[in-house]
Amino acid sequence: MKQKIFDILQIGDKSNTISRGFDLFIVITIFSNIIAMILETFDELAAFGTLFRNVEYATTLVFLVEYILRIWTADLLYPNTTAFGARIKFIKSFDGIIDLFTILPMIYFSGFVVFRMLRVMRIFHLFRINAQYDSFNVITGVLYEKRKQLISSISIIGVLMLASSLCMYSVEHDAQPGVFANAFSGIWWSVSTILTVGYGDIYPVTAIGKLMAIAISFLGVGVVAIPTGIISAGFVEQYSSIKNIDAMQREYPVNFVTVLINENHIWKNIEVKDTRLPEGLILVTILRNNEVMIPNGSTRLLLNDRVVLAAESYIDESNLKLQEIVIGSENEWVGNPISKLDISRLVTIVLIKRGNKIIIPHGKTIIKAHDIVFIYKK
């Protein structure tokens, strides 16, 4: 029973009709909750206030039941930890925190604004649904890959705001003591200027202040453009990587060998593109903390990683537990590319054996009758 409930709760499992129906039900519940919360703010609809609150209570109750079930089945989500540890791990995860913050407003304290503000957290439930789609994964992947550069650029913006606000306060305080009353007034001006919002509610009147404002405005345009450029470059790299993977489809007999990255290994703490693999070897996956990673050139190899290499003449030493499926002539997968298959997003097609050949597949690979498909299920 626990396994069945766990399979239903898992988002994006296209092979499970009940799970897909549950996903749709949760999306409808989230939108119903948010719409009721919005309509409740209209004075013209005050007569329906009781109805809106009942909808909120009913949908929040659904979230509560889902939260309890996810905690109960957490040991299946994290099978390599104890049942108690798995539940704690889920509660501390992003999904667990969002679920908890969604439920807290059900205990309504009218005197505490923070509890009413937590109602807005319900909309973040949608991220759990969106996270199962490739387009959303590309966005989050770019932000994660470029996180250090983004943090650096945002830090530069923060330093510029602080410096410009203090300078403007020093120059304008005597001329406009009511406007630039303190350093915070200067920060508000620098934010609206550097981020090119330009509210116009506070501005310099002295000649020196105006000259500084011109210089700061030019600097602001350039500095604020840095994060945009970083994200744009990240998208270009991501899509170029996807195209390169599509172009690298190769068909030949292969075996696998697993390499453990220990303390003295020359690959420790270097990026995949710098491994200089011998000819005939391809880095297929990285096993890290019981997770299977599909690497790209900038993926860094860490201590205790197990690198799975595909080779033409090595003995299979990998411990990947793959499920083998023989495709019959009547199978609905026959003639369809992998990207069009109705499979769970928790399932990855790792290899296809066709006759005496092993195919390293990508999204456009066509499944044929009598293929032997090896899948990895998370």
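Predicted model: local features only at pLDDT ≥ 70, side-chain atom pairs only at ≥ 80, totals over all residues.
Local features were considered at pLDDT of at least 70 and side-chain atom pairs only at pLDDT 80 or more, whereas totals for chains, interfaces and linings use all residues. Residues are numbered from 1 along each chain as its sequence is written, and side-chain values use heavy atoms, with hydrogens and water left out.

The protein chain has 12 helices and eight strands, these being DSSP runs numbered from the N terminus (helices H or I, at least four residues; strands E, at least two). Of the 378 residues in the protein chain, 36% are buried, where buried means under 20% relative accessible area, exposed over 50% and partly exposed in between (1.4 Å probe, protein chains only).

T193 belongs to helix α11, which spans residues 183-194, and is buried, with a relative accessible area of 17%. A polar atom of the T193 side chain lies 2.8 Å from the backbone oxygen of W189.

Most residues other than glycine have a negative phi. N269, although not a glycine, has a positive phi of about 65°; N269 is placed in the loop between β1 (255-260) and β2 (281-288), and counts as partly exposed at 41% relative accessibility. A positive phi, of about 75°, is also found at N304, which is not a glycine. N304 lies in the loop between β3 (291-293) and β4 (306-311) and is exposed, its relative accessible area being 55%.

Terms used
Polar contact = N/O pair within 3.5 Å; in protein donor to acceptor, adjacent residues only side chain to side chain.
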